[in-house]
Amino acid sequence: MNALDHEILSRRYWIMDLSRDAPFDFQCPGCAYQFHETFGWLEAQYEFICPGCGKTIRVNPEDRAAIANVFNSLDKLRESFRDLGKLK
């Protein structure tokens, strides 16, 4: 496989590398302060305090559930791919 093929495959399957440790940028709706957290951190929060203005930000339960569903689905997909190698 040449470097271009590897690059194409890397971009094509990046979603398989996504994890709860992946960072995302967040902007406070009150003061526009930007900070970085992980998807796992957000999934675990019900509310948090903006480090910029001190405003309490509530995390929508549907958003938390959506994050959990994405990562649970990815975990199942990874498991399926691992099992493919075990088939005879």
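Guide: Buried means under 20% relative accessible area, exposed means over 50%, and partly exposed is in between (1.4 Å probe, protein chains only). This is a predicted model, where local features need pLDDT of at least 70, side-chain atom pairs count only at pLDDT 80 or more, and totals for chains, interfaces and linings use all residues. Residues are numbered from 1 along each chain as its sequence is written, and side-chain values use heavy atoms, with hydrogens and water left out.

Visitor: Why is the pair of Phe 39 and Phe 71 called tilted?

Guide: Rings of Phe, Tyr and Trp (its six-membered ring) pair if their centres lie within 6.5 Å; planes under 30 degrees apart are stacked, over 60 edge-to-face, the rest tilted. Phe 39 and Phe 71 sit 5.9 Å apart, centre to centre, with 55° between the planes, so tilted it is.

Visitor: What makes Trp 41 and Phe 48 edge-to-face?

Guide: Their planes are 65° apart, with 4.9 Å centre to centre; that angle is over 60, so the pair is edge-to-face. Phe 48 is buried at 6%, while Trp 41 is partly exposed at 24%.

Visitor: How do you know that the charged end of Arg 64 sits over the ring of Tyr 46?

Guide: A charge sits over a ring if NZ of Lys or CZ of Arg is within 6 Å of the ring centre and within 35 degrees of the ring normal. For Arg 64 the distance to the centre of the Tyr 46 ring is 3.9 Å.
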